[in-house]
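Reader: I am new to this structure and would like to learn what the terms used for it mean. Could you take me through them?

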Amino acid sequence: MTLSTLPLAITMGDPAGIGPEIIAKLAATERLSTPYVVIGDAGALARAAASLGLTLPIRELPASLAGWDEAWRRGETAVYSAGVALPADLPLGRLDKRAGAASYAWVVAAIDLALAGRIAGIVTAPLNKEAMRLAGIDYPGHTEILAARSGTQDFAMMLANDELRVILVSIHVSLRDAIDAATVENELRAFHLAQTACRALGIAKPRIAVAGLNPHAGENGLFGREDLDVIVPAIALAREQGLDVSGPWPGDTVFMRARRGEFDIVVAQYHDQGLIPVKYLGVDHGVNVTVGLPFIRTSVDHGTAFDIAGSGRAEHASLLYAFRQAEKMLRAQ
C-alpha cells in the first residue's frame, strides 16, 4: 500500500439504507492502494460490520481529520461523524428525517473539506431524497448539493462504466423542462464538460458524439426542429472552438456505436435517454461522476435500496468501481 498526501472521503449516504453495509464490505474485504476516510456514523458502520460478521477496527476522527494517516497505516477505518449523532436503534429500510438530515450534513462536510484542501476527492454512497425532504432539505440529488455548496455554475452528470461514457445536457428535471433546456448555450456547456470529463480520465483528444433530442435526430425536421435549429448550430460552434464533436446522431443507435469504440463519450439530451443504456449494462459496474466541480466526485450508480437494507445482500461492487474511478482521476491530474 502507498500513502497519498491526502485521503479520499467516502460519504455514508442515508444510514437507513445500504450505505453502511457496502462501506463495511469495501473496508473489510478490499485491498485499496489509496487511503480514505469515511464521513458518516461510526456506530452505524460498526453495527453493519457486526451484522455481516466482518472484523472492522474503527477510529473516530475529529473535524481536523487528525490521525487519519496513522489509522490507515494501522489498518483501521477512519470515520468522521461531522457532529451528527444518530440513535443506535435507527430503523433500517425506512424513511427517517434524522437519517435524511445526517446524510446531507455528511455531504456538506465532505464538500467543505474538499474546498479546504483537506481531502483529495469525494466518493458518495446513495442519498434518499424523500428522507432529506422530511428533514426540510429540498434538493433533487447529490449533484445539485455539490454544485450549490461549491458555488459551481457549469456542471454536469456523467455516467460511465468500462464500455460507455454518457454526459447529460439536463439532469433532474421533467421531460417538458428537458426539452426547453436544449438550448445552444446548454449544448455547448455540455460539450465542453464532456471534453473536461474525458481529459480527467486521461483521454487527451476525446471524440464526442451528440445524441439527437427527437426520434431519428428529427429526420431533417419531420419529427421536430430542435435538432436542426439548436443542436446542429451548437455542434458547429463547438467544432470552430476545436472540439471533436459530431452529430446529432439518432438516440437509438449512438450508444451502441460508442460502445463499439467509435466515440469516447456521448452527450445525451436528458436524464433517461443517457442513464438507461449505461444502467442496462449493469449498475454494479457503473459510476456517477460530477463534472465541473473544483474537486473530484464519483458515486455509486444505485439508490439506497431500502428493500434489502440490513439483510446483508447489498453488493459493494459499484462503490468499489466508483472508488477506482476516483483513483484514476487522481492519477490523471
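Author: Gladly! Two strands are said to pair if DSSP finds at least two bridges between them, and strands (E, at least two residues) and helices (H or I, at least four residues) are DSSP runs, numbered from the N terminus. Ile-10 stands opposite Val-38 in β2, and the bridge partner of Ala-9 in β2 is Val-37. This is a predicted model, in which local features need pLDDT of at least 70, side-chain atom pairs count only at pLDDT 80 or more, and totals for chains, interfaces and linings use all residues. Residues are numbered from 1 along each chain as its sequence is written, and side-chain values use heavy atoms, with hydrogens and water left out.

Reader: What makes β1 and β2 a pair?

Author: Strand β1 (residues 8-11) and β2 are joined by 4 bridges in the parallel sense, and the definition asks for at least two. β2 also pairs with strand β4 (residues 77-80), in the parallel sense over 2 bridges; there, Ile-39 has Tyr-80 as its bridge partner.

Reader: How do you know that both faces of strand β2 are covered?

Author: In strand β2 (residues 36-39), Tyr-36 and Val-38 on one side are buried, and so are Val-37 and Ile-39 on the other. Buried means under 20% relative accessible area, with exposed over 50% and partly exposed in between (1.4 Å probe, protein chains only). In a regular strand the side chains alternate between the two faces of the sheet.

Reader: Why is the sheet's β3 called an edge strand?

Author: The open sheet of 12 strands runs in the order β3-β4-β2-β1-β5-β12-β11-β6-β7-β10-β8-β9, with mixed pairing. Its edge strands are β3 (58-60) and β9 (245-249), as each pairs on one side only.

Reader: What makes α1 lie across the strands, and at which angle to β1?

Author: α1 lies across β1, β2, β4 and β12 (296-300), running at about 145° to β1. Contact means heavy atoms within 4.5 Å. Axes are lines fitted to C-alpha atoms, for helices over the stretch in contact, and angles run from 0 to 180 degrees between N-to-C directions.

Reader: And what covers the buried residues of α11?

Author: Helix α11 (residues 271-280) has Gln-273, Gly-274, Leu-275, Pro-277 and Val-278 as its buried residues. Their cover includes β6 (156-160), β7 (165-168), β8 (208-211), α10 (254-259) and β10 (265-268).
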